[in-house]
Amino acid sequence: MLQKEIHLAIVKAIAFCCTNVSGERKRVWPGGEIYDYETWVQAGRPYPTRTLSASEVPEVHPLALLRCLKEFFENPKIKEKLLKSITRRTRENIGMIMGQSWADRIDSTMEFFNGTRYSENTLEGGLTIGGGYSSGPASNRYLNSEGSENLVGDPEDIENYYKRWNCEGDFVHERNIGIGWKVGDSEVATTRVDGSWGNFNTHNFASVYGEIKEDIRGDVHPYLLQDNTITNLSKIEKITYINMFLKKLCKGYQGEEENSPVDRATWYEVSEFINFYHDIWSSFAYTQGDEECWMSENITTGPLTHNLEERSTMYEIPGVWHPSEGGKWSQNFETIMKLGTDDWRNGIWKKKYDTYLQRIFEEDGKEIYFQIVGGVRENLHNEGLILQDRPYNTRGSSDEESEEEQAQEEQAQVINPVMGKMKTIMELLFENKEKIPEGLYLQLSNEMKELYELTS
């Protein structure tokens, strides 16, 4: 779930991106329509007629950045990496480290670190904060510093602990090389420019995300400004801002104050938070605005919008100023996104995220956290294959209950033999995955998943 520190870290990273524009954007060019290095080269590398003053330099609209980040996280190759943190699997040497009772345990990385919430509300799950919540066993073990380890919570400790569980690419942390990146992946240059960890080379776009470079498309007319604000980005700018955001977030996010240092947000959740922010800020741009929580929390007198000129309710918020009055979008963005964060549990952004989850569930049937919470329906297991829940013990259930669940599953297969055959084929696929080329294995798994859902 959306929590205070990851929320503030994302806001800070986006505001930073808003105010950092290319050198080409800071100059006036003969002929115009030069906004990045590529267009400067195409124009024949001309000399600028002048450099803009600090007050004249444009900013990037936060919605343009949110749209850019949403496109990045929705790229199929990135989504495949994100899903690793919610895919249930066994873990090498877990019995030796955690005890033999854990030997057959199957957990997703988010369950293992963030914990699992059992509730009738299947929208619940993911990152939680505070002593009143149950964090995952891996986070508890780190916090208690069991064994001979001397764990102090610095970036190297956190990285090494994640490496032990083969999930260092799943979490937002200072040493994160890239989303979904593991020790066994090909080498990435991690040279530190001046020898300090502050310049640790994370999220090197060419090395880590080079495979999606051709998928990124520039917006139309990037040279047009609105109230001296950049609303459309070129391809080069998008790549630059994606890289800038990921690096800034890894550096700025120090985990949640009330949690174990390793009990923090995954990139999977960050991608969903970006979808949430994009949904809300897109609504602000329409005359009907966004009505969820603003009026009930007595923040505005109507749905929040900035598209009604002087009647725009956005400018009712103290500290939010119209561009004609000297307002900057980076400052307006921070002011709005920080509303109520001093009392996070009762603040508007926590309430809005809960409301958003309910809305997308009712409108689209989307359950962001269902795979983490579990339940009676099918969940993600075994590297992305969809199987019925196995009767492993995660809630203290007795052997009798497990046997009863297994009997019910076998009875269901007798009633519907097609489902039984499908399950057998999927298990055979998983058992022989090492003999099948990776691309073919994923394709077969997805086809079998769809077929299984049609027959269930």
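Tyr356 is buried, with a relative accessible area of 4%; here buried means under 20% relative accessible area, exposed means over 50% and partly exposed lies in between, as found with a 1.4 Å probe on protein chains only. The structure is a predicted model, in which local features need a pLDDT of at least 70 and side-chain atom pairs count only at pLDDT 80 or more, while totals for chains, interfaces and linings use all residues. Residues are numbered from 1 along each chain as its sequence is written, and side-chain values use heavy atoms, with hydrogens and water left out.

**The chain as a whole**

The protein chain has 17 helices and 7 strands, which are DSSP runs numbered from the N terminus (helices are H or I with at least four residues, strands are E with at least two). Of its 456 residues, 49% count as buried. Among contacts between residues at least 6 apart in sequence, 62% join residues at least 24 apart, where contact means heavy atoms within 4.5 Å.

**Aromatic pairs**

There are 21 aromatic pairs in the structure. One of them joins Phe72 and Phe73, whose rings are edge-to-face, at 5.1 Å centre to centre and with 65° between the planes. Rings of Phe, Tyr and Trp (its six-membered ring) pair if their centres lie within 6.5 Å, and planes under 30 degrees apart count as stacked, over 60 as edge-to-face and the rest as tilted. Both Phe72 and Phe73 are buried. Another pair, between Phe276 and Tyr356, is tilted, with 5.0 Å from centre to centre and 50° between the planes. Because Phe276 lies in helix α11 (residues 267–284) and Tyr356 in helix α13 (residues 348–364), this pair ties together parts that are 80 residues apart in sequence. Phe276 is buried, with a relative accessible area of 0%.

Both residues also belong to a cluster linked by ring pairs, which includes Phe273, Tyr277, Trp281 and Trp349 among its members. Elsewhere, a charge meets a ring: the charged end of Lys248 sits over the ring of Phe16, 4.2 Å from the ring's centre, a description that requires NZ of Lys or CZ of Arg to be within 6 Å of the ring centre and within 35 degrees of the ring normal.

**How α11 and α13 meet**

Two packed helices are described by the angle between their axes and the distance between the axes. For α11 and α13 the angle is about 95°, and the axes are 11 Å apart; the axes are lines fitted to C-alpha atoms, for helices over the stretch in contact, and angles run from 0 to 180 degrees between N-to-C directions. The two helices are therefore roughly perpendicular to each other. Their contact is made by residues including Phe273, Phe276 and Asp279 of α11 and Trp349, Tyr356 and Arg359 of α13. In this scheme, angles under 35 degrees count as roughly parallel, over 145 as roughly antiparallel, 65 to 115 as roughly perpendicular and the rest as oblique.

In α11, 17 of the 18 residues are buried, so this helix is largely enclosed by the rest of the structure. The buried residues of α13, among them Ile348, Lys352 and Leu357, pack against α1 (4–19), α11 and α12 (329–337). The table sets the lengths of the two helices side by side, and the expected span is 1.5 Å times one less than the number of residues.

| Helix | Residues | Span, first to last C-alpha | Expected span |
|---|---|---|---|
| α11 | 18 residues | 26 Å | 26 Å |
| α13 | 17 residues | 23 Å | 24 Å |

After α13 comes Gly365, whose phi is positive, near 70°.

**Single residues elsewhere**

Leu65 is found in helix α3 (residues 62–73) and counts as buried, at 3% relative accessibility. Leu65 and Tyr241 are 176 residues apart in sequence, yet 7.5 Å apart in space from C-alpha to C-alpha. Apart from neighbours within four places in sequence, the contacts of Leu65 include Ile14, Cys17, Leu233 and Tyr241.

Leu224, by contrast, lies in the loop between α9 (205–208) and β4 (225–226) and is partly exposed, with a relative accessible area of 44%. The C-alpha atoms of Leu224 and Glu33 are separated by 8.3 Å, although the two residues are 191 residues apart along the chain.

Arg45 lies between α2 (37–42) and β2 (50–51), and at 45% relative accessibility Arg45 counts as partly exposed. Asn228 lies in the loop between β4 and β5 (229–230) and is likewise partly exposed, at 33% relative accessibility.
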